[in-house]
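Welcome, and thanks for taking a look at this one. Below is a short tour of an interface, the nonpolar cores and a couple of individual residues.

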Amino acid sequence: MKFDTPATTNPIDRGRVIGIPHDRIDGPAKVTGTAPYAYERHDAAPNAAYGWIVGSAIAKGRIGAIDLRAAEAAPGVLGIVTHQNAGPLGKGNFNTAHLLGGPQIEHYEQAVALVIADTLENARDAARLVRIDYAPEQGRFDLAAERDKGVPPPPGFGGPADTKTGDFEAGFAKAAVKIDQSYTTPDQSHAMMEPHATTAAWNGDKLTLWTSNQMIAWSVGEMAKTLKIPPENIRLVSPYIGGGFGAKLWVRADALLAALGSRMIGRPVKVAIARPQIPNNTVHRPATIQRIRIGADKQGVIDAIAHEVWSGDLPGGGAETAAQQTRLLYRGPNRLTTHRLSTLDLPEGNAMRAPGEAVGLLALEVAMDELAEACGVDPVELRIRNDVQYDPEAGPQRPFSSRKLIECLREGAERFGWNRRNPKPGQVRDGRWLVGMGVASAFRNNLVGKSGARIGVDAEGHVIVETDMTDIGTGSYTIIAQTAAEMMGVPLEAVTVRLGDSRFPVSAGSGGQWGANSSTAGVYAAAMALRAKLAEKAGFPADKALFEDGLIRLGNQSQPLATLAGREGLWAEDSMEFGDLDKRYAQATFGAHFCEVGVDIDTAEVRVRRMGGAFAAGRILNPKSARSQVIGAMTMGVGAALMEELSVDTRFGFFVNHDMAEYLVPVHADIPQQDVLFIDELDDKSSPMKAKGVGELGICGAGAAVANAIYNATGVRLRDYPLTIDKILAAQRVA
Amino acid sequence: MRPFTYSRAASVEEAAKTAATQGARFIAGGTNLLDLMKLQIETPTHLIDVNHLGLDRIEPTAEGGLKIGAMVRNTDLAADKTVRRDYAVLSRALLAGASGQLRNKATTGGNLLQRTRCPYFYDTRMPCNKRQPGSGCGAIKGMSRSLAILGTSDACIAQHPSDMAVALRLLDAQVDAVGADGGRRSIPIADFHLLPGETPHIENALKPGELITSVTLPKPLGGTHVYRKVRDRASYAFALVSVAAVFGKDGRSRFAFGGIGAKPWRTDAADAAAPSGAAAVAEAALSGARPTAQNAFKQQLTARTLASLYRQKGA
Amino acid sequence: MPEPLSRRGLLQGSAAAAVAIPVLGEAQAAAPGRPGRQKEQARMNAVGLTVNGREVHLQLDPRTTLLDALREHLHLTGTKKGCDHGQCGACTVIVEGRRINSCLTLAVMHEGDHVTTIEGLGTPEKLHPMQRAFITHDGYQCGYCTPGQICSAVAVLEEIEAGIPSHATEDLDRVAFSDSEVRERMSGNICRCAAYPNIVAAIREVAGEDKA
């Protein structure tokens, strides 16, 4: 099915199951620990041996010699994979560095060997006996030092490197009010709770990988390319994924080495990347340096806006496209955005939840707060004044498909009690706390992707959906079941959803918050095909038939789906393909974050007291899980604002704090009340679901609201994230 | 984790005797030792389980103090009625540390032996004089934000990570131990932890095989007990700075500090400065500080934390 | 060029110098003639546990943690390995009535102990009230930290009931349920999906404190 004209009324609009809050259908499996994750497939691959990864001890250079004798002689060792015996390997399109290093070393902790043994204890111990001689080379590890060598990156998901509209320099020069500030954001770690993990087994030349992966079809292709085998010989199974946030968009070393190890020893092998290895072995969100200039009139109406971004990555890598939102969020005829990419020999930078916007808004939305103050305009009102209902780079001929930023700001402010904010910083005390409020706009692009599904009804009238879509905590199981239930007119309990298997039709997968809208649209397409088949069997015209209560109905005639399906059941498969509506219309999701913080008057400890937000993201398919997505992302925004930072040792070229004791993410005690309001919205240009993504919107701007609240509480303006105690104290000393 | 053999000691004397053999280590709660063994920072060849020796009691002493068995879990020590009433700073310090799960396992004796959280100590590919004497210090010119500013040396700037030990230092606890020869002695807490000097790998005054059997507190000090821990998140994180204090009714007070020292930090001068206020205490406590550019803020933060305590005391 | 450190001086100084990096623990371990390095299996220890009411007897490498004994030997994979270093709480189980991190304790140390895991609390057909409440309040997303959160939550309510204080307790002698008590006590269970307020709501309901 092709989606190339705006949706009209369709079965989803009935809204009996879709749009209603539902408990997750995968809930009972998750809360009882019976949902199987990748390292737990005793059922599918009994007798799996244990692989342990050896990571490089240098950041850049070459392996001179490898001595495996001691390791091979260690108890229980079954085999050791290195570049010397792995055979010729390719590299996936999405991997920047090789998943198995050697002889060239591209980054610290790059996998250089896999030790396989009969037990985890033996594998882990023997891994320490692998002796590797390295010839190190000088690397580049300091973004600030390499910044001026940056070049325009190749265009990717974030669009072109640079955009220019009007004449920024001229507009900025004559502006009555000018903001010109630089901001930095550090490298960040996804830190999902389940480490990257894979169980691999070969049957002849057929490989099965039970793995933890967001993108099944991509990753089949990537593994095929890396192993140099046909993709049809690879099966990927990933029904449960313990979080990903982008880290598991790609095939990582666990999958490749489990496959190589299993081939070597002729037995299933399982590999998890050890937690202390993850930050340096896998991917991270790259650090940025950002400069923002805004020229406005005295009322705060923007005339010129520029956002320049510098980031770094390994050779062949990509940029952090942190100026993305600045191309679309606010008005102004004179515009400039640039991205520059420097070569760094740190571990591989890549996508983490809302790549681009998550860190871009940490800068832009603080700059807007600074503009509001400079103009003496309320920060909520400032954003409303600068709303624009079309793509400001393309002009009015490219309107937004739907854009309710103003509603989010107004209703969010009302609900939060924004009018109680004292605009003058440092004025509100509550015991030992200085209290402040901050606001920030939320913006995240709405991406869509082709997505397929297979749907069947059996002799009991039970509906089954199969798609290689993944559920990384996003609630895919449930919204897909809701979609199928709505389309087929059966209760939610009558739907079984099977996900995350490359034997199922190819879906859009989970990433870039495109998954929910795209994958349910794919189910919609398949369901339309099944409805047509059932109608034909019933002898009803498909466009007139109603599907409800397990029946197909026409006027006062009806037949049970179960009967029509018969003993064999009836199946249909289709996919949703998206036309150019996302070119003709700018499509994005919007919101407004509000945050109240307390800052200790002496110690500068920051405590978030409450958060609230209003969000417009099209139809909210399951308000219950969507709310959870948003509050979870808001919390990740708190982490970005207050604590998350991979610290770079620029001498050795690695992230020093590479475990969860040192890389801090928010805990229960950091997170108080969080209030989420979804603004009613249907986006008929996004898909027949009239939904948009919501999984990443919540992080976008959340950290800036925290930063702005700290400013309002203390009068201290910080522009280098995370906003830790030491920085607040230093700024207070200067102030 | 290197292979090792495991035994359960039947008596304190047997445990101490066995421990004198090469490569043997006691295991109590295991929350720090096993963490380090997995990374091969600790590589014992024999583990002696000392969890079943009856060292888990809290008893009053003839002197009016309290004897805390070495195997008393952090949770139980913090919750003990006498400790809550008479040594509240110890309860507070314990409860500020780690997580509920860890406190349920971690022991009084083990906590005293907790090793540093310096990230260079934790990565065995990095130089670290504490882990591998003579290999250098990665931290001094590296990421040192969390590390010590007091009691450090050119060989090591690792911070002592314990909260409990800071309170014990404040309370003038004694560490009771039994040696391989069965001999018993008590070590004042002030002398228990050693400064790194040229030998940062030697962290305490215990002799090989010596087993901590209890910690003895002198009779209660009275006064107002506080423990204030400042960290990068609200819970489950190590201290940037912590201050344990007992404010006496007579204006005499005492202070001990965590997060800033190579060992739990306390000075007579700081205690003596108490009547002069927070700034004077801070100045006295921080005398001789050798911060790096990254952790120099801990001086100001120490002063601010003291100011906070004084403010609350006055409130 | 950073100032070279003693060991890395060589490393940084000359790209041509081939340096054996594992100079620390590894070098020691690889020294010839070191005992215990022959190709033989580690000595096994017999361990008897009662897991979820069922007595089990295992032959285990003394290095096997309680977590790996559960997951790899008993195939009770409901208990999760998030960090294996006591930094996340995903492995939380209840041993002898107390919640602990099963990754930081050796199975062999638990001879005779009673262990309750998520599988022992309830099943999909017969959910524990805390499991039911987690579903009702959407107290999870990816599900990986969830068993640990639930085991912890069950134990937290018992800790509050038993009067065990926490960092959030204002008066050490008056321990009572509150949201801030729950947040502090649950802080050893990290949820990166961050279902935190929903988890607190679930616990509040089970505690009978739900004002809604």
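Predicted model: local features only at pLDDT ≥ 70, side-chain atom pairs only at ≥ 80, totals over all residues.

**Where chain C meets chain A**

- On the chain C side, 76 residues are in contact with 82 residues of chain A.
- Seven salt bridges are counted between chain C and chain A.
- One of the salt bridges pairs Arg63(C) with Asp125(A), whose closest N and O atoms are 3.7 Å apart.
- Between chain C and chain A there are also 31 residue pairs in polar contact, with both residues at pLDDT 80 or more.
- Helix α8 of chain C (residues 196-206) supplies the largest share of the side that touches chain A, namely five residues.
- By residue type, the side of chain C that touches chain A holds 35 nonpolar, 23 polar and 18 charged residues.

**Nonpolar cores**

- The largest nonpolar core has 329 residues, and those with the most contacts inside it are Met223(A), Leu371(A), Met488(A), Val597(A) and Phe255(B).
- Helix α9 of chain A (residues 357-375) gives the most to this core, with twelve residues.
- Beyond its neighbours within four places in sequence, Leu371(A) is in contact with Val177(A), Ile179(A), Ile294(A), Ala296(A), Gly300(A), Ile302(A) and Leu382(A).
- Another core, of 53 residues, lies apart from the largest one; Leu53(B), Leu66(B), Val89(B) and Val175(B) are among its members.

**A closer look at Trp265(B)**

- Trp265(B) sits in the loop between β11 (253-258) and α11 (268-272) of chain B.
- With a relative accessible area of 13%, Trp265(B) is buried, because the cut-off is under 20%.
- Not counting residues up to four places away in sequence, Trp265(B) touches Leu150(B), Gly151(B), Leu195(B), Phe255(B), Ala256(B), Phe257(B) and Ala285(B).
- Trp265(B) and Ala244(B) are 21 residues apart in sequence, and their C-alpha atoms are 9.9 Å apart in space.

**A closer look at Thr211(A)**

- Thr211(A) belongs to strand β11 of chain A (residues 206-211).
- Thr211(A) counts as buried, at 5% relative accessibility.
- A polar atom of the Thr211(A) side chain lies 3.3 Å from the backbone oxygen of Ala197(A).
- Leaving out residues up to four places away in sequence, Thr211(A) touches several others, including Ala38(A), Thr198(A), Leu236(A) and Asp254(A).

Definitions and conventions: Residues numbered from 1 in each chain as written. Chains lettered and ligands numbered in written order. Heavy atoms only, no water. Contact = heavy atoms within 4.5 Å. Salt bridge = Lys/Arg side-chain N within 4 Å of Asp/Glu carboxyl O. Polar contact = N/O pair within 3.5 Å; in protein donor to acceptor, adjacent residues only side chain to side chain. Helix = DSSP H or I, 4+ residues; strand = E, 2+ residues; numbered from the N terminus. Nonpolar A, V, L, I, M, F, W, Y, C, P; charged D, E, K, R; others polar. Core = buried A, V, L, I, M, F, W, Y, C linked by side-chain atoms within 4.5 Å. Buried < 20%, exposed > 50% of the residue type's maximum accessible area, 1.4 Å probe, protein only.
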